[in-house]
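This report covers the fold of one protein chain, from its overall make-up to selected packing details. The sequence and model are shown first.

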Amino acid sequence: PDPTRLTPRGHVIQVFAVALTRDEFSWPEPRSICDPIPGYEFSGYVVSAPIASPFKPGTHVFGFTAIQRHGNARSYTVASFSEMSVQPPALSWEQCAAIPMSSLQAFQALFDSGILVKPHSAGPAVVHPFPSLSASRFAALPERNRATKLLITGAASAVGQWAVQLARQFGCPYLVATCSKDDMEHVRRLGANDVLDWDTPEGSLKDWKRSKFRAVLDCIGGNTLVHAWSCVEIGGIIASVVESPRRALSRWKGPLSGIQPMIKAYWAEVEPNQSALEIISTLLSNGHLKFHHDPADNFDLKDYEKALERLKTNARGKVVLRIN
């Protein structure tokens, strides 16, 4: 059908690529839709837009659309202003499609939970990026950020990699991360001050004997999330992108000690956010965030069955389909 007639107020996007996320059809929201279309992250260009929109026809955009609707694995899709941003110009369609969901979840977990003070945008595609933790730059950051000692579990995951970089970019002075032994050097290059093997007693948090953190951001869930409670100081924050920290704790049957009072707990679910995606896009454009996407995770639409097989074994839980 004529894409300009699909909706009177949304942006009609010609889709070039979408990212598929492991188990997305098991989420409650897509399961409530008849014959749901996958791929909630997209890259493409604007075909038509509302008159007042800054995203004019021809603008290259990428975004994450609400999971209560169909996804974007189709020639044309519809997105609202709040669901997209201008693409970082140096990145490919495939790279841009793989960015929005995990980067937004990391951003929202850090800033909406209160772990760090949220950065401000001065307008479309305008932020004040900080390439290094120089003395002058560090002094200019919010005091809370400069005083936050942070632990990130599963730091080599799709969300964890963004969380490490964003925390460092916005002033976290000391960041400890856990990941597999093979990923330790990679996470260290992303900005972690100290990286622990999650297969060791200390790295699994079962035998934590160091000082406690003002905040913990969990990207693993399960037993690791339960043990993370013992790593948070009085009045600190624990946030998880996997499950509710309080629910995980309530299920625990084993011995546990050292949990401090007045800890604030958050389940950091992801939702579309234009201003956050705008900041992420600008930091990528300026080279202040790093992103690697394996070309082996790209598939043409006709090879979607191979893409789904790849998704089962992909460590990051994400592959990209080329639509056009």
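## Overall make-up

What percentage of the 324 residues in the protein is buried? Buried residues account for 52% of the 324, where buried means under 20% relative accessible area, exposed means over 50% and partly exposed lies in between, with a 1.4 Å probe and protein chains only. The model is predicted, so local features need pLDDT of at least 70 and side-chain atom pairs count only at pLDDT 80 or more, while totals for chains, interfaces and linings use all residues. Residues are numbered from 1 along each chain as its sequence is written, and side-chain values use heavy atoms, with hydrogens and water left out.

The protein has 11 helices and 13 strands; these are DSSP runs numbered from the N terminus, helices being H or I of at least four residues and strands E of at least two. Of the contacts (heavy atoms within 4.5 Å) between residues at least 6 apart in sequence, 66% join residues at least 24 apart.

## The parallel sheet

An open sheet is formed by 6 strands in the order β8-β7-β6-β9-β10-β11, with parallel pairing; two strands pair if DSSP finds at least two bridges between them. The edges are β8 (194-197) and β11 (264-267), each with a single partner strand, so one side of each lacks a neighbour in the sheet. From one strand to the next, the twist averages 15°.

Strand β7 (residues 174-179) runs parallel to β8 and is joined to β8 by 4 bridges. Cys-179 has Asp-197 in β8 as its bridge partner. Helix α6 (residues 158-169) lies across β6 (149-153), β7 and β9 (213-218), and runs at about 175° to β7. Axes are lines fitted to C-alpha atoms, for helices over the stretch in contact, and angles run from 0 to 180 degrees between N-to-C directions.

## Packing of α3 and α10

Helices α3 (residues 100-111) and α10 (residues 274-285) pack at an angle of about 105°, their axes 10 Å apart. The two helices are therefore roughly perpendicular, a class that spans 65 to 115 degrees.

From α3, Pro-100, Ser-103, Leu-104 and Phe-107 meet Ala-276, Leu-277, Ile-279 and Ile-280 of α10. The residues of this contact are 7 nonpolar, 1 polar and no charged. Here Ala, Val, Leu, Ile, Met, Phe, Trp, Tyr, Cys and Pro count as nonpolar, Asp, Glu, Lys and Arg as charged, and the others, Gly among them, as polar.

## Cysteines

A search of the whole structure finds 0 disulfides, a disulfide being a pair of cysteine sulfur atoms within 2.5 Å. Cys-96 is buried at 0% relative accessibility, and Cys-172 is buried with a relative accessible area of 0%.

Note on methods:
Parallel < 35°, antiparallel > 145°, perpendicular 65-115°, else oblique.
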